[in-house]
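Welcome! Here is a friendly briefing to read alongside the sequence and the 3D view. Please keep both open as you go.

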Amino acid sequence: MIENIKAGERICQAVLLRLQKVGNSSNGGVFARGTVEDNSGKIQFIAFERDIVNRLRELDAPKAFVISGPVDIVKYSSTLALQVVIQKLDNIMPEDDISNLVPIGNFDPEVYKNRLTALVHEVKTPTLHTLLKKIFSGRFYDDFCKNPAGMKLHHAYLGGLLQHSVDVADLAVAMADKIGRVDRDLVITGALLHDIGKVREISAGMGFPYTTEGRLLGHITMSVLMVREAAAELLLPASAIQQLEHIILSHHGDQEKGSPVACSTKEAFIVHYADEMNAVMNQFDVKDNKSPWEFNTMMKRYLLIK
């Protein structure tokens with residue numbers, strides 16, 4: 001397990017490898033660097049062997065390998081970060097156990113499935129209730145319940161999208177009830193549907209790679225298109241889902257953060273802040289057990305992880 005690795009050791013184990021850079025060194029050699037990880041944590045890697053670097057050069061997504069090499073401290077690191085120098089790189093064989101390479105969240109999926117059902121039931125507006133029932137059914141429902149909500153940044157584990165969406169809905173409902181004079185059904189529906197495009201944007205396969213469609217369109221666009229497709233099949237008028245579409249399109253808050261439009265309604269602001277708060281709080285669920293202070297790439301700051 002990566003969390004138990006110490007400087008001076010030599011490791012040989014299955015890892016999920018994420019390539020960050022391939023380049024040429026000043027002495028005429030080549031190098032590749034990035035991270036390797038399992039469910040216990042991750043460390044940096046570097047490779048200088050030309051054959052290995054050339055193999056890694058072809059990667060366009062995270063991939064599982066069996067790696068071998070010594071572990072040392074990253075030169076010039078102020079935090080004594082570790083890295084493995086990959087000297088051997090082997091493909092995963094059928095007999096290799098890679099179950100520890102698929103991230104799993106610390107939650108009960110069945111509890112969240114039941115809560116999702118309850119939230120849909122709470123929506124009394126006929127058009128919105130019918131829309132939710134249609135979308136959360138069949139193959140899509142199964143995929144929604146197993147997909148991650150992100151590749152690395154937040155809820156990046158199996159079922160993360162289900163957990164994130166339900167938690168955002170619960171936070172949004174609490175705010176709506178406190179604020180008052182808010183369309184509660186619209187808030188619930190917008191919260192549950194705001195990220196459904198991630199089912200088609202991010203694969204649930206090893207490393208959670210982005211799909212071609214996801215890179216070209218993005219999950220916000222795809223979420224709105226999926227809502228429109230479902231509404232068209234139900235023969236719902238465009239006016240019935242216009243404010244719902246606004247919630248989805250603006251759920252990142254501002255155009256500078258990736259939303260096509262900025263929040264303009266109470267309901268949109270509520271879903272946006274519930275989404276942002278849940279994503280931020282999820283950063284405190286990841287701990288490397290080495291230091292209470294950890295640098296968080298999403299927040300771009302050190303966080304105190306208790």
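In this predicted model, R139 and D143 form a salt bridge whose closest N and O atoms are 3.2 Å apart; a salt bridge is a side-chain nitrogen of Lys or Arg within 4 Å of a carboxyl oxygen of Asp or Glu. Both residues sit in helix α4, 4 residues apart, which is about one turn of the helix. Helices (H or I, at least four residues) and strands (E, at least two) are DSSP runs, numbered from the N terminus. R139 is exposed at 62% relative accessibility, whereas D143 is buried at 16%; buried means under 20% relative accessible area, exposed over 50%, and partly exposed in between (1.4 Å probe, protein chains only).

Residues are numbered from 1 along each chain as its sequence is written. Because the model is predicted, local features need pLDDT of at least 70 and side-chain atom pairs count only at pLDDT 80 or more, while totals for chains, interfaces and linings use all residues; side-chain values use heavy atoms, with hydrogens and water left out.

- The whole structure holds 15 salt bridges.
- K113 pairs with E110, and their closest N and O atoms are 3.3 Å apart.
- These two, K113 and E110, are 3 residues apart in helix α2, about one helical turn.
- An α-helix has 3.6 residues a turn, so residues three or four places apart point the same way.
- Partly exposed describes K113, with a relative accessible area of 22%, and also E110, with 45%.
- R200 forms a salt bridge with E229, with 4.0 Å between the closest N and O atoms.
- Since R200 lies in helix α7 (residues 198–201) and E229 in helix α9, the pair ties together parts that are 29 residues apart in sequence.
- R200 is partly exposed at 27% relative accessibility, and E229 is partly exposed at 41%.
- A network of salt bridges links R115, E122, D170, D177 and R184.

**Aromatic pairs**

- A search of the whole structure turns up 7 aromatic pairs; rings of Phe, Tyr and Trp (its six-membered ring) pair if their centres lie within 6.5 Å, and planes under 30 degrees apart count as stacked, over 60 as edge-to-face and the rest as tilted.
- One of them joins F107 and Y157 in a tilted arrangement, 6.1 Å centre to centre with 45° between the planes.
- This pair links distant parts of the chain, 50 residues apart: F107 is in the loop between β6 (88–91) and α2 (109–122), and Y157 is in the loop between α4 (138–146) and α5 (160–179).
- F107 is buried at 15% relative accessibility, and Y157 is buried at 12%.
- Ring pairs join F107, Y112 and Y157 into a cluster.

- Helix α11 has 17 residues and spans 24 Å from its first C-alpha to its last, close to the 24 Å expected at 1.5 Å a residue; the expected span is 1.5 Å times one less than the number of residues.
- Buried residues of α11 include I270, V271, A274 and V280.
- The cover over the buried residues of α11 includes α5, α6 (184–193) and α10 (242–249).
- M277 belongs to α11 (residues 266–282) and is partly exposed, with a relative accessible area of 43%.
- L171, M277, M281 and F284 make a nonpolar surface patch of about 340 Å²; patches are made of residues with over 30% relative accessible area and no salt bridge, with like charges joined within 9 Å and nonpolar side chains (Val, Leu, Ile, Met, Phe, Trp, Tyr) within 5 Å.

**Positive phi angles**

- Most residues other than glycine have a negative phi, and most peptide bonds are trans.
- R181 is not a glycine, yet has a positive phi of about 50°; R181 is in the loop between α5 and α6 and is exposed at 82% relative accessibility.
- L235, also not a glycine, has a positive phi of about 60°; L235 is in the loop between α9 (219–233) and α10 and is exposed, with a relative accessible area of 74%.

**The chain as a whole**

- There are 11 helices and 8 strands in the chain.
- The C-alpha atoms fill a box of roughly 65 × 40 × 35 Å, taken along the principal axes.
- Of the 306 residues, 47% count as buried.

Methods: Accessible areas come from the Shrake-Rupley method with a 1.4 Å probe; for residues, only the protein chains shown count as cover. Contact means heavy atoms within 4.5 Å.
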